[in-house]
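Please look through the model below with its side chains displayed.

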Amino acid sequence: MYKEEVSLVAKLLLCAMALGWCAEAASTASHNYSDALGKAILFFEGQRSGELPLSQRVKWRGDSALTDGQLDHVNLRGGYYDAGDNVKFGWPMSFSVTLLSWAGIHYGRLLSPAGHLGHLRSAIRWGADFTLRAHVNSTTLYTQVGDGNADHECWERPEDMDTPRTLYKISKSSPGTEAAADAAAALASAYLVFRRGRPKFAAKLLVHSRSLFEFANKYRGSYTGSCPFYCSSGYQDELLWAAAWLFKATKSPKYLRFVIDNQVWSQPASEFSWDSKIVGVQTLLAKEYLAVKNKELAEYKTQADSFVCAVMPKSGHVQVQTTPGGLLFTRDAANLQYVSSAALLLLIYSNTLQSAGVNAVHCSSAEFSTHQISSFAKSQVDYILGKNPLGFSYMVGYGDKYPKRIHHRGASVPSVKKLPRKVTCKEGYTSWFSTADPNPNSHVGAIVGGPNSNDWFDDVRSDSVHSEPTTYINAAFVGAAAALLDEHSFLEITSDIDGGKLIDV
């Protein structure tokens with residue numbers, strides 16, 4: 001057995017015998033969070049659809065899907081491919097835009113001097129512009145471009161794809177409350193990012209956000225357009241999510257009244273994801289409660305506390321287990337989306353509590369200081385970046401060991417810049433998908449689904465559950481990494497955008 005294998009076995013045994021050892025080790029890791037953050041934002045340029053700008057930094061990509069929307073005589077160019085495929089799913093795209101915007105809103109003070117705010121705003125705008133184009137009138141929103149089943153049967157670069165660019169939309173007669181409400185949240189949060197630097201663009205965002213919320217709320221019906229790839233568990237959380245962001249953006253009593261009157265929809269939860277926004281709602285409204293002490297919002301703060309108790313080890317109310325190496329493990333399907341989103345919320349919430357003079361969260365058998373909460377969240381970020389039993393970074397291009405065979409069509413087939421001829425669907429599978437060779441294009445910044453429940457990861461392209469990146473994994477990670485830019489004072493971070501000091505880039 002090689003020395004490296006002995007070391008790995010020893011680490012795994014130590015983790016199995018003492019769960020706290022790995023978590024403690026992770027929390028003391030030293031990482032270049034600015035480098036990781038920059039790469040996490042760069043990932044979005046590799047996911048772009050449409051005509052790429054001159055400022056494009058990911059050079060192995062080319063223009064793609066330039067005729068999207070023509071079937072209905074609308075312009076649906078742009079936006080993001082959500083993962084390793086070539087479909088544009090509007091619902092998770094909106095969630096990703098909202099998370100990116102939240103990072104810009106809450107951590108603008110750190111992002112600007114670190115040189116990341118301009119690139120972040122470009123990433124937000126690329127997604128927001130698509131949503132604006134997709135919202136063609138007050139009661140029509142295009143929610144998907146591309147046939148998911150046909151696309152998943154084909155292994156083609158986006159520049160070559162010839163699978164159907166089928167259009168899906170919601171309307172009065174065929175509603176999709178989740179998709180419309182999530183789009184409203186995305187545009188309201190983006191408004192907060194652009195309102196001072198780009199006031200005309202921001203005003204347009206807010207007009208569409210209000211309209212989308214009215215559409216989502218008036219014509220209620222669960223969204224099924226993306227199934228079997230994105231299936232809904234219910235639309236109540238998305239309505240609250242949209243109303244909470246619109247209240248943050250406008251301070252209108254109308255939206256405050258909505259979240260108060262419909263508080264029954266908010267229940268304690270243990271995950272935050274593209275399909276489950278309720279903990280995000282609770283985190284936003286807990287901040288409002290702590291700021292103005294509106295008793296009608298007190299339950300949202302209580303439920304935000306319950307999320308802390310659900311994920312913090314040894315809280316007495318743990319609902320999410322950890323791997324032997326200390327990683328939160330919600331489910332074995334792109335688990336790092338739940339890890340990165342939990343880290344984001346824990347860091348934002350611990351900062352919110354400390355800013356309000358609240359020093360701890362009380363669970364049944366434990367009390368966690370804001371420092372303990374943020375330190376645990378930091379341990380999750382550190383695990384992703386390589387402080388784990390395998391010593392393996394789950395972000396492409398970060399560290400010495402990272403995934404080389406991610407489940408991603410564009411990254412796994414040679415770039416059109418090097419192989420300009422068309423690569424067909426069948427050739428993509430036989431010549432590129434099936435090979436054990438590393439991907440010819442390094443999709444820097446991509447965070448994959450992550451290890452299994454025993455901290456093990458096989459760098460295999462066909463294992464999409466563990467090796468596929470998604471926009472919403474990266475979007476949540478951006479905010480979590482931003483919180484750690486100033487490692488020694490991240491607990492004292494305040495939002496420059498909330499304070500009105502956004503630097504125009």
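Predicted model: local features only at pLDDT ≥ 70, side-chain atom pairs only at ≥ 80, totals over all residues.

Residues are numbered from 1 along each chain as its sequence is written, and side-chain values use heavy atoms, with hydrogens and water left out. The average pLDDT (the predictor's confidence in each residue, from 0 to 100) is 91 for the chain, and 90% of the residues score at least 70. Over residues 1–29, however, the pLDDT is below 50, and this stretch has 38 contacts (heavy atoms within 4.5 Å) in the model beyond near neighbours in sequence. The pLDDT is also below 50 over residues 488–505, a stretch with 53 such contacts.

Helices (H or I, at least four residues) and strands (E, at least two) are DSSP runs, numbered from the N terminus. Helix α7, residues 177–194, has 18 residues and reaches 26 Å from its first C-alpha to its last, close to the 26 Å expected at 1.5 Å a residue, where the expected span is 1.5 Å times one less than the number of residues. Of the 18 residues in α7, 18 are buried, that is, under 20% relative accessible area, with exposed meaning over 50% and partly exposed in between (1.4 Å probe, protein chains only).

Side chains of opposite charge can pair when their charged atoms come close. The whole structure holds 22 salt bridges, each a side-chain nitrogen of Lys or Arg within 4 Å of a carboxyl oxygen of Asp or Glu. In one of them Asp68 meets Arg165, with the closest N and O atoms 2.9 Å apart; Asp68 is in the loop between α3 and β1 and Arg165 in the loop between α6 and β3, 97 residues apart. Asp68 is buried at a relative accessible area of 1%, and Arg165 counts as buried at 14%.

Glu238 and Lys277 also form a salt bridge, their closest N and O atoms being 2.9 Å apart. Because Glu238 lies in helix α9 and Lys277 in the loop between α10 and α11, this pair ties together parts that are 39 residues apart in sequence. Both Glu238 and Lys277 are buried.

For Arg405 and Asp459 the closest N and O atoms of the salt bridge are 3.2 Å apart. Arg405 lies in the loop between α14 and α15 and Asp459 in the loop between α16 and α17, so the pair ties together parts that are 54 residues apart in sequence. Arg405 counts as partly exposed at 24% relative accessibility, whereas Asp459, at 18%, counts as buried.

The aromatic pairs number 26; rings of Phe, Tyr and Trp (its six-membered ring) pair if their centres lie within 6.5 Å, and planes under 30 degrees apart count as stacked, over 60 as edge-to-face and the rest as tilted. Phe213 and Phe258 form an edge-to-face pair, 5.2 Å centre to centre with 80° between the planes. Since Phe213 lies in helix α8 and Phe258 in helix α10, the pair ties together parts that are 45 residues apart in sequence, and both residues are buried. The rings of Phe392 and Phe457, by comparison, have their centres 5.4 Å apart and their planes at 35°, so this pair is tilted.
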